[in-house]
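Opening the notebook on this one. I'll jot down what I look up as I go.

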Amino acid sequence: MITLESPVATVLGAQAKPAVVKKITDGLGLRTVGDLVLHFPRRYVRTGELTKVTELTTGQMLTVVGEITASEVHTYLDRRSRRTAYRLDTTLQTDGPALRMSFFAKSQHVSEWQAKRLPVGRTGVFVGQVGSFKGQWQLTNPQMVLFGLTDDETTELSLESVKALYPIYPLTKGVDSWDLQRAISFARTVLDEVPDPLPPDLRERHGLPDVHTALDWIHAPDSWEQVKAAQRRFRFEEALVLQLVLARRRAELAALGGQACTGGGGLLAAFDARMPFTLTRGQQEVAAEIEADLARARPMNRLLQGEVGSGKTLVALRAMLRVVDSGGQAALLAPTEVLAQQHHRSITALLGDLAAGGMLGGAAEATTVALLTGSMPKAARAEAMLHAASGEAGIVIGTHALLQERVQFADLGLVVVDEQHRFGVEQRAALTDKAGAPPHVLVMTATPIPRTVAMTVFGDLEVSTLTELPAGRAPIQTSVVPLAEQPHWVDRVWERVREEVGNGHRAYVVCPRISGDELEQGETDAGVDDEELPVTPIRLSAAEEVAEHLRAGPLAGLRVGLLHGRLPPDEKDRTMRAFAGGELDVLVSTTVIEVGVDVAEATAMVLLDADRFGISQLHQLRGRVGRGGHRGLCLLVTRVPADSPARERLDAVAATTDGFELSRVDLEQRREGDVLGRSQSGFRSSLLNLRVLRDEDTIVEARAAALLLLADDPGLTSAPELGRRVTELQDSRQSEFMEKS
């Protein structure tokens, strides 16, 4: 009896080599028959017509339906054995260029057997790596599935029946598509039962085929309509299970008891009264949503997203003050020391005497704002920990140092996580676990997330979005500087920096590396597939070398500072203060200035080797300029050629400053989990059939269906297989990610 849980080897046949079985189980991750039948084709080729071939490149893997138009056996002298060898040369015609195919054999018998199988007029699916020989495109020893073989011809590589669309599966080296296709076809015929998670009434309501029909249509379709219907069914199924898990999680969070923060003190009112500017309409709306959440006796779990400079920190500060007014404490977790120090400086400056609790000159309503980082002197760190543990510090700002076991809070009521994608799940959980009761949680990101990503990846969080920019934010002009085509333009780059400084402004120069003692090759993980990586080592711009070069050359006479992550914390702080205070004209830096750094007079940014950064990172970095009402300038300097994928990214960033539009471009180029950062990998980025942009309508439909199902049947007793799938996902390792996020 073969079931979905049976080992995949049971349907691979006794002749399957152990090495091939291992590649299927380990390389493709197909360990059970269920894994095998749910391994769907990545595309299809039409068997009834020649494949349209437009552009060919050396080294690409080509899968085509073609027709043999010439076939001839040649003899030649094998230079190794010094014996006569045989070669069958054929010409394969596609709907485009013809390809030469060569098959080598040591014996005349084998070569003649191959020639008999590949006569003029024979068609089939051919797979091979494209090369060139004497100016003609060539496939050497391609693999093939032949159509129309007669009974007296071998059927070793032919299919018993070939349908209108031939499936091409995701593969790993050493596994052939047709071997996988045969195994899947056999598995579908011998499976005793494939339980359907979707009950009949749900399938009927949403116009979906049953699981058996869908499997037939996706693996052996007669038409594109069948393919699309099957794909929609499996995408809906995956989205539904996911949305049911998230909806249950939201219900569990709502049922948790928490601390209602309704105010009572005068700290927030005093802050609002002396605030020198008016909140934008968006800030007011989001602030009202957060205050309503805080007032409920259940923990808030909200994602606050918004453009660079949209005022998220101010909204978060008002939430922290509300919690302090209610007798609790708030912790702000930042990913870097530079950002933590920046937050501490800006928040204490905004609060003024409201941040001087217990000190001479402090306001009556004041609290203490403490800073805790890992590299602080021991005495200062101990003092900050004491303020947190005693409750004297209403607001504690810190880096990963906040997560240490020794750090305790008197009454932690709110956790704010800035740039949440920089933190792993366990790190965020380590902070929320320090509260006696489940605290309110507000996670912030300046990497805009499309609605479907937020719905799929953060479906257990409420989402607030700030789209307006506060008054005083000036437009930023972004230009690509292509040194591959225009190497002399680099001189103009440094002239523009001098011009900005001459007008009383300041400039950033951002480098991908700190020092230049290593050569790197290829792209970084900015969304480019491995096969696109160049093979020649290149020297990337390094901050230490660039700073020295600029001081002695193009920017001689200007005050050039250096900032990177290896500097001692006090030196980093002094450098940032000097740049903000006008004691430096140009700051050469790595990406430590990516988030949170706010210098109003900075109007220009030069990004060297800009192709080394991803779209979201480039958008974040350029958000450091134009913050003081002056027009911003961002120059993306690159040495990659115009036709490279990296240049496409840079051109996209130069074309718009709309972070939400760029996030969609980023998602189209990369996996969803990559966009959210490496720490977000796992369950939420391991979507099998779904793509959050392509399948937006399906996800919205599944979310509505999930809410209806749970409203009528919270235990999913009427759909036991669906309930089992949901429980299985909830109990999986990946679900731990959701529990702690």
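Which residue of β12 does L372 stand opposite? I found G398 across from L372.

Ground rules before going on. I'm working from a predicted model, where local features need pLDDT of at least 70, side-chain atom pairs count only at pLDDT 80 or more, and totals for chains, interfaces and linings use all residues. Residues are numbered from 1 along each chain as its sequence is written, and side-chain values use heavy atoms, with hydrogens and water left out.

**The sheet**

I went through the strand order next. Helices (H or I, at least four residues) and strands (E, at least two) are DSSP runs, numbered from the N terminus, and two strands pair if DSSP finds at least two bridges between them. Seven strands make an open, parallel sheet, ordered β11-β12-β10-β13-β14-β9-β15. At the edges sit β11 (368-372) and β15 (462-466), each pairing on one side only. From one strand to the next, the twist averages 20°. I also checked β11 against β12 (residues 393-398): five bridges, in the parallel sense.

Then the helices on the sheet. Here contact means heavy atoms within 4.5 Å; axes are lines fitted to C-alpha atoms, for helices over the stretch in contact, and angles run from 0 to 180 degrees between N-to-C directions. Helix α9 (residues 281-295) packs on the sheet and touches β9 (301-306), β14 (440-445) and β15, with its direction at about 155° to that of β15. Helix α10 also packs there, touching β9, β10 (329-333), β12, β13 (412-417), β14 and β15, and its direction makes about 170° with that of β13.

**Cores**

I use "nonpolar core" for a set of buried Ala, Val, Leu, Ile, Met, Phe, Trp, Tyr and Cys residues joined through side-chain atoms within 4.5 Å. Buried is under 20% relative accessible area, exposed over 50%, partly exposed in between (1.4 Å probe, protein chains only). The largest core has 42 residues, and M320, L414 and L442 touch the most other members. Helix α10 (residues 312-325) gives the most to this core, nine residues. Apart from it I noted another core, of 32 residues, including L567, L607, F613 and V653.

**F126**

I looked up F126 in strand β5 (residues 123-133). F126 counts as buried because its relative accessibility is 0%. Beyond four places in sequence, its contacts include L62, I68, L92, M101 and M144. L62 is 64 residues away along the chain, yet the two C-alpha atoms are 7.9 Å apart.

**Aromatic pairs**

My rule: rings of Phe, Tyr and Trp (its six-membered ring) pair if their centres lie within 6.5 Å; planes under 30 degrees apart count as stacked, over 60 as edge-to-face and the rest as tilted. That gives four pairs. The rings of Y44 and W224 have centres 5.8 Å apart and planes at 90°, so I logged them as edge-to-face. Y44 is in strand β1 (residues 43-46) and W224 in helix α7 (residues 224-255), so this pair ties together parts 180 residues apart in sequence. Y44 is buried at 8%, while W224 is partly exposed at 28%.

I then turned to Y508 and F579, a tilted pair with 5.0 Å between centres and 55° between planes. Y508 belongs to strand β17 (residues 506-510) and F579 to helix α17 (residues 569-580), 71 residues apart. Y508 is buried at 0%, and F579 is buried at 0%.
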